[in-house]
Amino acid sequence: GKVRKPTSIISTICDDRGDELSYAGVPISEVCKEQYNMGDVIGLLWFKRKLPPYASKFFEMCLKLVADHGPCVSGAHNTIVAARAGKDLVSSLVSGLLTIGPRFGGAIDDSARVFQDAVDNNLQPSQFVEGMKSKGKRIPGIGHLIKSADEIDKRVVLLKDYAFTHFSSTKYLEYALEVEKYTLQKANNLILNVDGCIGVLFLDLLHSSGLFTQQEIKDIIDVGYLNGFFIVGRSVGLIGHALDQRRNKQGLYRHQADDVHYAL
Ligand code: ACO
Ligand code: LMR
């Protein structure tokens, strides 16, 4: 019989053979004709399906709301320093991107994991918080350096409002808000932050929309799709910062020595 040549790569998201490129089976002419937005394109290339408008709008909202948070945050700071050292656009961009991680912007997947686990195990918010504390772990998705119960993060307000209006269930969000009530008793800045809010809203979307099988939901959480929203969104702002420095012909950055505590 026929023996198929073994392939080195398996690809399941797109096809560039033939006359026309397609994303998850959708030809790019249709992507343009039907005016797919970036949320729709992420739906195709990450989730391998055309999502209903309320879901791709939510994706777009996540991208838009995390696109930038000023020049002082870790990512923008790195990008600015690299751009001022004369580095090219890609180097300046990745210098900023490399700060995205468990403390900054990259807590979305982990927050989805820990909040899902807490809800699945019927933990009271206090049990969940104290359990994490006893393990010596910070709760991903809780806490902010400048936002607090008094300095509310408008991004979180907008995301919550969208979910309350468009999602069929907000069970995980409601749980996270109970956790926030508890952590706020400990300190004013232990809010549900933008990473945590996106993480729990994805749990609500995945579990209540009927769009995904249990196995797909498991894969999305285990593989870790969700930090990708911060990475893609924030790239827009980081590129803006790199261009801004170059446009303004900013010279090499050197940190002020009087802002360093030399403690040899
Ligand atoms: N869970 C539990 N306790 C916490 C948490 C948390 N997530 N964050 C702070 N605390 C408590 C701890 O007791 C901490 O003391 P420790 O240093 O002994 O652990 C104490 O508050 C002091 O913390 P702060 O000084 O407020 O924390 P800091 O300002 O250093 O950190 C940060 C802010 C990094 C965001 C922190 O809250 C954190 O690690 N959160 C979890 C990660 C996260 O969600 N990051 C995303 C932030 S949003 C974004 O980047 C877009
Ligand atoms: C961000 O979006 O960059 C942040 O929420 C982090 C910060 O310190 O503002």
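1. Start with ligand 2. One of its oxygen atoms is 2.7 Å from an N or O atom in the side chain of His144. Keep in mind throughout that this is a predicted model.

2. Two further polar contacts to ligand 2 deserve a look. A polar side-chain atom of His69 lies 2.6 Å from an oxygen atom of ligand 2. For Arg155, an N or O atom in the side chain is 2.7 Å from an oxygen atom of the ligand.

3. Which residues are around ligand 2? They are His69, Val73, Phe104, His144, Arg155 and Arg234.

4. Together with Val156, Leu159, Lys160 and Ala163, Arg155 forms the α8 side of a contact with α10. The α10 side consists of Val194, Cys197, Ile198 and Leu201. By class, this contact has seven nonpolar residues, no polar ones and two charged ones.

5. Now the geometry of that pair. Helix α8 covers residues 154–166, and helix α10 covers residues 194–208. Their axes are 9 Å apart, and the packing angle is about 15°. Angles under 35 degrees count as roughly parallel, so α8 and α10 are roughly parallel to each other. The crossing of α8 past α10 is left-handed.

6. Helix α10 has another partner, helix α11, which spans residues 214–224. The axes of α10 and α11 come within 10 Å and cross at roughly 160°. Because angles over 145 degrees count as roughly antiparallel, α10 is roughly antiparallel to α11. This crossing is right-handed.

7. What does α10 use to meet α11? Leu203, Leu206 and His207 of α10 meet Ile217, Ile220 and Ile221 of α11. Sorted by class, the contact has five nonpolar residues, one polar residue and no charged residues.

8. Turn to ligand 1. How many residues surround ligand 1? There are 18, and the closest are Arg138, Gly141, Ile142, Leu145 and Asn189.

9. Two of these closest residues, Arg138 and Asn189, can be checked by distance. A polar side-chain atom of Arg138 lies 2.6 Å from an oxygen atom of ligand 1. For Asn189, a polar side-chain atom lies 2.7 Å from an oxygen atom of ligand 1.

10. Gly105 contacts ligand 1 through its backbone. A polar backbone atom of Gly105 is 2.9 Å from an oxygen atom of the ligand.

Key:
Residues are numbered from 1 along each chain as its sequence is written. Chains are lettered from A and ligands numbered from 1 in the order in which they are written. This is a predicted model: local features need pLDDT of at least 70, side-chain atom pairs count only at pLDDT 80 or more; totals for chains, interfaces and linings use all residues. Side-chain values use heavy atoms; hydrogens and water are left out. Axes are lines fitted to C-alpha atoms, for helices over the stretch in contact, and angles run from 0 to 180 degrees between N-to-C directions. Helices (H or I, at least four residues) and strands (E, at least two) are DSSP runs, numbered from the N terminus. Angles under 35 degrees count as roughly parallel, over 145 as roughly antiparallel, 65 to 115 as roughly perpendicular and the rest as oblique. A crossing is left-handed if the near helix is turned anticlockwise from the far one by less than a right angle, and right-handed if clockwise. Contact means heavy atoms within 4.5 Å. Ala, Val, Leu, Ile, Met, Phe, Trp, Tyr, Cys and Pro count as nonpolar, Asp, Glu, Lys and Arg as charged, and the others, Gly among them, as polar. A residue is near a molecule or strand if one of its heavy atoms lies within 4 Å of it. A polar contact is a pair of N or O atoms within 3.5 Å; within protein, one must be able to donate a hydrogen and the other to accept it, and residues adjacent in sequence count only if both atoms are side-chain atoms.
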